[in-house]
Amino acid sequence: MLKLEARPQPSALWSYGSPILALLLTVVIGVSMFVALGKDPLRGLEMFFWLPISSPYQVGELLVKATPLLIIALGLAICFRSNVWNIGAEGQYIIGAIFAGGVALLADKSTGAWILVPVLLAGVVGGMVWAAITALLRDRFNANEILVSLMLVYVAVQLLSYMVGGPWKDPQGFNFPQTKTFEAVTRIPRLFDGSRVSIGVLFALAGVLAMWVFLFRTRAGFAQQVGGLAPAAARYAGYSSRRALWTALLISGGAAGLAGALEVAGPIGQLTTYLPAGYGFAAIIVAYVGRLHPVGMVFSAILMSMFYIGGEMAQSRLGLTKSLTGVFQGLLLFCLLACDTLVNYRLRLGRPGRT
Amino acid sequence: MDSYALLVAATLNAGTVLALASLGLLINEKVGIVNLGAEGMMLCAAIAGFATVVHTGSDGLGFVAGVAAGAVLGALFGLLVIWLNTNQYATGLALTLFGGGFSAFVGTGYVQARMPERPSFAIPWLGDIPVLGPALFRQHPLVYLTVLFALGLIWFMYRTRAGLVMRSVGESPESAHALGYPVRRIRLLAVVVGGALCGLAGAYLSIIYTPLWVEGMVAGKGWIALALTTFATWRPARVLLGAYLFGGVTMLQFHLQGIGVQVPSQFLTMMPYLATIVVLALISRNPQWIRINMPASIGKPFYPGS
């Protein structure tokens with residue numbers, strides 16, 4: 001019988017090794033699934049791991065999807081590090097997009113490029129407002145933030161559906177639930193010709209740097225995390241848990257809102273009911289697979305983006321469905337959590353405690 | 001009058017889905033395990049049950065498939081959380097994300113599928129009573145069985161020795177372990193039973209309640225069921241009442257649309273979610289009250305000898 005034996009110190013080796021082992025396990029399960037479905041597993045691997053990096057254009061597409069994932073995950077990592085369970089980033093992303101879209105709709109032919117600043121700021125504010133509801137209810141009413149933030153996702157989806165089907169519906173849109181296409185001036189500028197990569201990537205990278213400095217080089221960042229690691233120690237040191245709660249939720253809400261703004265004014269260019277793509281949920285996995293570390297999450301965001309593109313490729317070229325993406329995302333998190341046991345425990349045969 | 005009878009009937013119907021799932025989650029939480037994977041288990045059970053009925057034409061086999069799907073996923077969750085000491089919240093989330101993707105993947109071919117026609121479930125004589133008949137006595141048998149199950153659970157938890165052991169595992173796994181009870185096995189059993197009940201709820205949803213399969217059709221009912229255990233301060237009778245209350249809120253939107261209330265449908269659809277938030281805030285307002293009622297070891301791992 002296998003037994004777990006607690007390690008005196010968490011294993012540094014396994015804390016890096018575990019995401020890699022988890023990815024290998026996910027690939028093994030994925031390959032078995034392809035075989036079971038009667039599809040060529042090599043073609044499957046090609047869809048997920050080679051095609052997304054096979055040409056400069058595809059790499060660009062990879063970055064287009066990795067950008068919102070990384071921005072949202074950076075905020076979520078601050079939440080998870082401070083033991084605040086915000087799992088409603090999807091809702092904050094949607095509200096951010098609605099706010100940003102509302103500002104973008106105000107632009108007309110004569111508007112200058114300055115409109116981009118209020119568009120992005122509106123996104124951040126929108127996400128913050130939505131996250132603030134969760135923070136307020138947790139702070140004032142002790143309401144569980146997992147359930148509240150998640151319920152607010154469903155509310156946000158309905159709000160979006162109301163806005164694009166009612167007040168903001170495009171009169172020339174053949175009754176489709178969507179707004180008119182935004183003016184070109186509100187479009188997030190692209191970095192290169194021939195690729196959809198926008199300056200959003202720069203925001204994401206700046207976010208990585210900002211988070212690294214905040215977490216590891218500032219007193220506020222330290223105080224933020226102590227509450228998550230050792231609540232009693234944080235109280236003793238006089239670090240406010242309420243402050244940590246609000247900081248975590250406002251930062252992650254703002255980040256998710258920014259991602260929503262970049263998406264709606266970037267690749268999409270209008271508000272539609274197709275806006276929610278599950279980035280808010282996938283970012284939870286990005287945060288964990290990236291070890292809640294800013295640099296680690298760069299890699300995991302790219303990996304998760306590969307899953308998205310691989311799913312689309314498998315749909316168009318292998319006749320499978322795009323939902324394969326969700327299967328592999330969930331599997332990866334499962335495998336990661338199982339492998340993470342190795343960080344804190346040694347596996348032993350026989351009875352525990354014997355040397 | 002008849003429209004109110006139908007509202008009551010629809011409320012019981014919708015409440016049954018929530019009640020089954022929430023009673024399952026209650027059993028989990030009574031031994032100290034929070035399973036955020038309810039939504040994912042219900043989705044997988046919904047497609048398992050639906051597909052089975054489409055292929056075999058038998059509701060019974062459909063329910064068995066749904067229960068099995070829920071139990072298997074519950075066991076997987078339990079092994080990770082209880083034996084590998086993974087974080088309960090993160091593991092539950094993984095289950096929900098996986099369940100959402102997996103059910104959508106498996107269910108692609110069933111989106112247009114139709115169920116065989118069903119005979120009426122009306123009970124002879126009782127079903128013909130005016131008003132009361134259509135309100136109460138034309139339900140699927142599972143609606144009544146759910147009430148019986150809740151009563152049975154109350155008896156089990158508070159009147160039997162096994163129920164006492166189960167509650168003690170949730171209150172203090174260390175003491176239960178010291179007394180020689182197999183804490184981890186009891187927890188696993190509770191998690192599997194809880195998963196099976198979530199599976200039954202998911203199967204009822206796709207086989208009887210809607211009855212059809214759409215991606216993501218559980219639409220937050222798993223999460224509302226999770227919130228219900230807190231509303232009910234972990235008492236089965238209150239879980240049942242809360243489930244019917246929320247079933248009523250879900251159904252009210254169709255009733256309001258029916259009688260011509262001029263509110264955009266999106267705001268009516270929001271109601272159950274908003275109601276969950278409001279009630280959760282009201283109930284949780286007093287931390288003392290929650291602490292007294294909540295199983296003490298909830299969310300905490302227990303590993304003997306560590």
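This is a predicted model: local features need pLDDT of at least 70, side-chain atom pairs count only at pLDDT 80 or more; totals for chains, interfaces and linings use all residues.

User: Where is Asn83(A) placed, and what is its phi?

Analyst: Asn83(A) sits in the loop that runs between helix 3 (56-81) and helix 4 (89-106) of chain A. Although Asn83(A) is not a glycine, its phi is positive, at about 60 degrees.

User: Leu292(A) is a residue other than glycine with a positive phi; is Leu292(A) buried or exposed?

Analyst: Leu292(A), whose phi is near 55 degrees, is found in the loop between helix 11 (279-289) and helix 12 (294-318) of chain A. A residue needs 20 or more other C-beta atoms within 10 Å to be called buried. Since Leu292(A) has 21 C-beta neighbours inside 10 Å, Leu292(A) counts as buried.

User: Which residues touch the most other members of the largest nonpolar core, and which helix gives this core its largest share?

Analyst: The largest nonpolar core has 210 residues, and the members that touch the most others are Ile72(A), Ala73(A) and Val286(A). For Ala73(A), leaving out residues up to four places away in sequence, the residues touched are Ala283(A), Val286(A), Ala287(A), Gly290(A), Met297(A) and Ala301(A). The core draws at least three residues from each of domain 1 (1-39 + 328-355) and domain 2 (57-319) of chain A. Its largest share, however, is the 17 residues that come from helix 9 (residues 183-209) of chain B.

User: How far apart are the C-alpha centres of domain 1 and domain 2 of chain A?

Analyst: The domain assignment divides chain A into domain 1 (1-39 + 328-355) and domain 2 (57-319). Between the C-alpha centres of these two domains of chain A, the distance is 30 Å.

User: Which helix of chain A gives the most to the side of domain 1 that touches domain 2?

Analyst: Eight residues of domain 1 of chain A are in contact with eight residues of domain 2 of chain A. On the domain 1 side, the elements giving two or more residues are helix 1 (12-36) and helix 13 (324-344) of chain A. That side divides into five nonpolar residues, two polar and one charged. With five residues, the element of chain A that gives the most to it is helix 13.

Methods. Residues are numbered from 1 along each chain as its sequence is written. Chains are lettered from A and ligands numbered from 1 in the order in which they are written. Domain bounds come from an automatic or database domain assignment. Two residues are in contact if their C-beta atoms, placed from the backbone, lie within 7 Å. Helices (H or I, at least four residues) and strands (E, at least two) are DSSP runs, numbered from the N terminus. Ala, Val, Leu, Ile, Met, Phe, Trp, Tyr, Cys and Pro count as nonpolar, Asp, Glu, Lys and Arg as charged, and the others, Gly among them, as polar. A nonpolar core is a set of buried Ala, Val, Leu, Ile, Met, Phe, Trp, Tyr and Cys residues joined through C-beta atoms within 7 Å. A residue is buried if 20 or more other C-beta atoms lie within 10 Å of its own, exposed if 12 or fewer, and partly exposed in between; C-beta atoms are placed from the backbone.
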